[in-house]
Amino acid sequence: MYNRISQGLAVTMLDNKNKSRSGLNSPASFAKPDIDDRLYLGTIEKGLLILDTFCANPRPMTLAEVSEASGLNKSATQRVLYTLRALRYLAHSETTRQYSLAARAMDIGNAYLRSNPIVEATFPYLLEANKRSQETVNLTELDGADIIFISRVPSRNVMSSYVTIGARLPAFATAPGRAILANLDPATTNEILKASNLIAISPHTITNRQKLLKELERVRQKGFALANQEAMPGDISTAAPVFGYDNKVVAAVNIAASTANWTPERVEAELSPITVEIARQMSKVVSQYRRA
């Protein structure tokens, strides 16, 4: 029960940064690369924007609510909603006039996990880390300024963190995020921090840019990151980077423990060495895969 509540707290606090007056969340924004207008299809952008709006607001919404949250006018929103409904990515209730994601919307995420060789190749190592630590073990990738959970083995402990595959958290406030950021080239790390909304998710979150840079330097020197209740109350996490082709960081493995059973000092002494060892084993396997 505790971690379900704490997860909800974390999500709520994250969502508040982009809330509209009616309490709706705007979809996450990402920097676009240089665009060739001859090839770029704005209609596809609008369709994906609507899907992102439902990701930011995982509940049924009316046309007016989708229009407000996405920023599209009602006419464009209506056409996109109709199209996505016809393609079975959205469902519509004639009673409430609300739209919601349909089961088919899961296909893209599932296809990504099946097509990502890292997920399958590293899973045995997640199992090994879980067996040795008896705690929840996660594999995360960086996406924009966030980390996204792509694989996990939960603890049998009732107090295990309640996080699902596909969940996002700001990289700057998490151990796996810092493990990745600390091993990118400095220019890339600085760009990501500039794009990050450095707000306090909990009373323990480090939001000062200079303090974060010092923390990343510590991560580089020690080979692992440690975050104490910064992204989720009651959660202590230790993480280490996973390196792929050309020795570039591609992911991070972390072990999450509860403050009810662990102290930061004990996590660092007992769980961080497991995390570092497992990350090294993963890197040997993952380095065989060259991804776009």
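Which residues of helix 3 (residues 63-70) are buried? In this predicted model, they are Val-66, Ser-67, Ala-69 and Ser-70. These buried residues pack against three elements, namely helix 2 (42-56), strand 1 (61-62) and helix 4 (74-86). Just after helix 3 comes Gly-71, which takes a positive phi of about 90 degrees.

Arg-104 has a relative accessible area of 30%, so it is partly exposed. Apart from its neighbours within four places in sequence, Arg-104 is in contact with Leu-87, Arg-88 and Tyr-89. Leu-90 is 14 residues away from Arg-104 in sequence, and the two C-alpha atoms are 8.1 Å apart in space.

The next topic is charged side chains. The whole structure holds 12 salt bridges. One of the salt bridges joins the side chains of Asp-143 and Arg-168, with N and O 2.4 Å apart. This pair links distant parts of the chain, since Asp-143 belongs to strand 4 (residues 136-143) and Arg-168 to strand 6 (residues 168-170), 25 residues apart. Asp-143 is partly exposed, at 30% relative accessibility, and Arg-168 is also partly exposed, at 34%. Asp-146 joins Asp-143 and Arg-168 in a network of salt bridges.

Other salt bridges lie within a single helix. In helix 9 (residues 209-222), Arg-218 and Glu-215 are three residues apart, about one turn of the helix. Their closest N and O atoms are 3.1 Å apart, and the two residues form a salt bridge. The cut-off for buried is under 20% relative accessible area.

Helix 10 (residues 264-286) contains Arg-266 and Glu-270, four residues apart and so separated by about one helical turn. An α-helix has 3.6 residues a turn, so residues three or four places apart point the same way. The side chains of Arg-266 and Glu-270 meet in a salt bridge, at 3.1 Å from N to O. Arg-266 is partly exposed, with a relative accessible area of 34%, and Glu-270 is partly exposed at 39%.

Arg-266 lies over the face of Trp-262, at 3.7 Å from the ring centre.

Technical notes: Residues are numbered from 1 along each chain as its sequence is written. This is a predicted model: local features need pLDDT of at least 70, side-chain atom pairs count only at pLDDT 80 or more; totals for chains, interfaces and linings use all residues. Side-chain values use heavy atoms; hydrogens and water are left out. A charge sits over a ring if NZ of Lys or CZ of Arg is within 6 Å of the ring centre and within 35 degrees of the ring normal. Buried means under 20% relative accessible area, exposed over 50%, partly exposed in between (1.4 Å probe, protein chains only). Helices (H or I, at least four residues) and strands (E, at least two) are DSSP runs, numbered from the N terminus. Contact means heavy atoms within 4.5 Å. A salt bridge is a side-chain nitrogen of Lys or Arg within 4 Å of a carboxyl oxygen of Asp or Glu.
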